[in-house]
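Hi there,

Here is the structure I promised to pass on to you. Have a look at it first, and then read on for my notes.

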Amino acid sequence: MPASLRSVPSALFVLTLALVACGPSPGASKASPTAESVKSATPGAAPAAPTPAPSGGQQFSANAPASTVPDPAWFSPALLPGATVTKKGRSPSDDQGRFTAQILFAFPASASLKDCTDPLAAALAKIVPTVQREEKDGRVTLSGDAEGQHVMFICGDANGTLTAFVSYRWTQPPPAAP
């Protein structure tokens, strides 16, 4: 695979991490969302035709992923019991039903980078046959491929808080729900 194509999955995960970690814009309303406002802001609330993909590209659906596709058992807030879940979500499905799911955790001020990486490395070793580890700019990225999924964990400082980004993306269409 050409080097320029190998960086695409990494770039997509970094973009996903940035979108998840950044949250709403500073001008966003401080009021709590109501069920009606959330419903109207949900991508699947109004049917829309899929946008044609550029030649050779991937086509994304305007609808959210099917809620009937369960997350893997390991993908849970219990993965890091000492941390707090700050965000959890899924991306829209592509034309084959594949999506990315992510959880963003925040650790207490007393936590160290090892408090994040050690439990995640142990969990990842149970999920994937080969764990890849990269340390760069004070962040540790652990990743690997499980059957039908690419799994990625990132630990590091975000705005003065130790955070963990836990994600998986389907590399093939997910199995139908039972």
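A word on terms before we start: two residues are in contact when they have heavy atoms within 4.5 Å of each other. With that in mind, take the contacts in the protein between residues at least 6 apart in sequence: 53% of them join residues at least 24 apart. Please remember throughout that this is a predicted model.

**The overall picture**

The protein has three helices and six strands. Starting at the N terminus, the order of the elements is α-α-β-β-α-β-β-β-β. The chain has 178 residues, and 31% of them count as buried.

**Helix 3**

Helix 3 covers residues 113-127, which makes 15 residues. From its first C-alpha to its last it reaches 21 Å, close to the 21 Å expected at 1.5 Å a residue. Which of its residues are buried? They are Cys-116, Thr-117, Leu-120, Ala-123, Leu-124 and Ile-127. Looking down the axis of helix 3, you will see these buried residues fall within an arc of 140°, so they line one face of the helix. As for what covers the buried residues of helix 3, the cover includes strand 3, strand 4, strand 5 and strand 6.

**Strand 6 and its partners**

Strand 6 deserves a look of its own. Eight of its 10 residues are buried, so strand 6 is largely enclosed by the rest of the structure. Strand 2 (residues 100-106) runs antiparallel to strand 6, and seven bridges join the two. Strand 5 is also antiparallel to strand 6, with 10 bridges between them.

**Two loop residues with positive phi**

Strand 5 and strand 6 form a hairpin with two residues between them. Asn-159 sits in that turn, in the loop between strand 5 (149-158) and strand 6 (161-170). Its phi is near 55°, a positive value in a residue other than glycine. Is Asn-159 buried or exposed? Asn-159 is exposed, with a relative accessible area of 83%.

Asp-137 is the other one to look up. This residue lies in the loop between strand 3 (132-136) and strand 4 (139-146). Asp-137 has a positive phi of about 55° although it is not a glycine, and it is exposed, with a relative accessible area of 72%.

**A buried glycine**

Lastly, find Gly-148 in the loop between strand 4 and strand 5. Its relative accessible area is 9%; buried means under 20%, so Gly-148 counts as buried. What is Gly-148 in contact with, leaving aside its neighbours within four places in sequence? The residues are Arg-169, Trp-170, Thr-171 and Gln-172. Arg-98 is 50 residues away from Gly-148 along the chain, and the C-alpha atoms of the two are separated by 9.9 Å.

Enjoy exploring it!

Best wishes

Key: Residues numbered from 1 in each chain as written. Predicted model: local features only at pLDDT ≥ 70, side-chain atom pairs only at ≥ 80, totals over all residues. Heavy atoms only, no water. Helix = DSSP H or I, 4+ residues; strand = E, 2+ residues; numbered from the N terminus. Buried < 20%, exposed > 50% of the residue type's maximum accessible area, 1.4 Å probe, protein only. Expected span 1.5 Å × (residues − 1). Arc of directions from axis to C-beta. Pairing = 2+ DSSP bridges.
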